[in-house]
Amino acid sequence: MKDKFEFLHDNIAKTLKSGAQYADIFIQSGEGHSVHFEDGKIDEISSSTADGAGSRIIAGGKTFYAHAPGNGAETVGASFEECAASAFRQPPSLYSSEGALMEEEEAIEQPAVDFFREIDEKIKKESPHIRQSSYRYTTSHRRLLIVKPDGSVAFDRRYYCSFAAQLIVEKDGLLQTGSERRCMSLPASGFWEGFSPLETARAALRRALLMLEARPCPAGKMNVLMAGEAGGTIIHEACGHGLEADIVEKDYSVYRGRIGEQVAHESVTMLDEAAIPGLYGSYNFDDEGTLAGRTLLIENGILRGYLTDVISSQLYGLPLTGNGRRESYRCIPVPRMSNTYLLPGNDDMDTMLARADKGLYVRKMGGGEVDPTSGDFVFYVTEGYLIEKGKISSPVRGAILTGNGPEALRRISALGNNLIMDPGICGKSGQGVPVTDGQPSMLIEGLTVGGSEA
């Protein structure tokens, strides 16, 4: 492998001698398929390839980047030459080469589509209230090569599969939507093993029908008990982004300069771990060729670290954590979460309900907004119930959680003995990457709830 990439190593070395502080080359080969089924018929079938290379040079405190489709030696060399021409008035004399840098592999199979119709027919027999149904399945395979300035080459192979179901129901003019998904970093054979797409659709239908019968949520300060399956929205959005080094330093995150300080309840330990097999946010090497690791962010409420890529690590003197991620060869890597989660505690659900006494039980979270500088957030609840006298009672709709991420972490008074991992796509800097967020059941005292009764 060394001989094949020797001309690229020579080009990087010449650029560094010309005054660059850092240089690397990212090479990608990828393909994917997607099927969308809606209202009894196939709405869309698409296939795509994503072969290309991106070259990066950091010189004079500025980042220069050039990318091009294709991953042959001539194309990759040309993209690096273009990048060098941007970084220096007189670009260094660069070596070129020909031939394939990534060997062709057997293409992943296009997904079968017959099962969509079978699922849809079965699910529509379960309720007369269904007005719209849609399902989407995607599968993709990506191979990555990163040519590093130290003369080494890192290689990673990643598979992604996802299945999502969405049902819209109607009763007496009221419409409600329920959705459910499964996303894993696995090839199709492993993704479907032991997995029932029909049960996923049923979970979406159950949630939609439940909200038809729900009453408007009251508003005010409440004890909020979040189930593990609620999804790690608070962990990811209100806390995780504020621990990414570029946000810490450039956007003055609320966590800036607080290493060693108490930032959460003493029961809270938060980690980011990229090398967990099968999880949606997993990888062996990040998109800069750094070996994936396990980063301790908060330990027993004490802030211990941030998530870094190569540049933030060098600029701010922070440990390199292997969190440099990018959507594709067209993008510059930035610090990003991978699989971020809280360690479980020792409390069971009955104990936590009794402690909450009265408040809101959140079974599933939806989307929302957060300001990573301050940590202020607004999140929507897609499945919630009132807690009355320490018991789960009637379902409610229209609940909105508002607050501050660090403050919410300090208000956690109990953590359950379970841990549920929830996948998704994280957006930042105009890029989307797969992630997983995990949390146990947790009780947050005195959280502000905005409700449709307000």
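Predicted model: local features only at pLDDT ≥ 70, side-chain atom pairs only at ≥ 80, totals over all residues.
Let's start with strand 17, residues 376-388. On one side of the story is strand 16, residues 359-370, which runs antiparallel to strand 17 and is joined to it by nine bridges.

Next comes strand 18, residues 391-397, which pairs with strand 17 in the antiparallel sense over four bridges. Here Ile387 sits opposite Ile392 of strand 18. This is a hairpin too, with two residues between the strands, and Lys389 takes a positive phi near 55 degrees.

Strand 17 also pairs with strand 19, residues 400-404, again antiparallel, over five bridges. Look for Tyr380 opposite Ile400 in strand 19.

Now for the helices. How do helix 3 and helix 5 pack? Helix 3 covers residues 114-124 and helix 5 covers residues 197-213; their axes are 10 Å apart, at an angle of about 40 degrees. That angle makes helix 3 oblique to helix 5, and the crossing is right-handed.

Which residues meet there? From helix 3 we have Phe115, Ile119, Lys122 and Ile123, and from helix 5 Pro197, Leu198, Ala201, Arg202 and Leu205. The residues of this contact divide into seven nonpolar, two charged and no polar.

Key
Residues numbered from 1 in each chain as written. Heavy atoms only, no water. Pairing = 2+ DSSP bridges. Axes fitted to C-alpha atoms, helices over the stretch in contact; angles between N-to-C directions. Parallel < 35°, antiparallel > 145°, perpendicular 65-115°, else oblique. Left-handed = near helix turned anticlockwise from the far one by under 90°. Contact = heavy atoms within 4.5 Å. Nonpolar A, V, L, I, M, F, W, Y, C, P; charged D, E, K, R; others polar.
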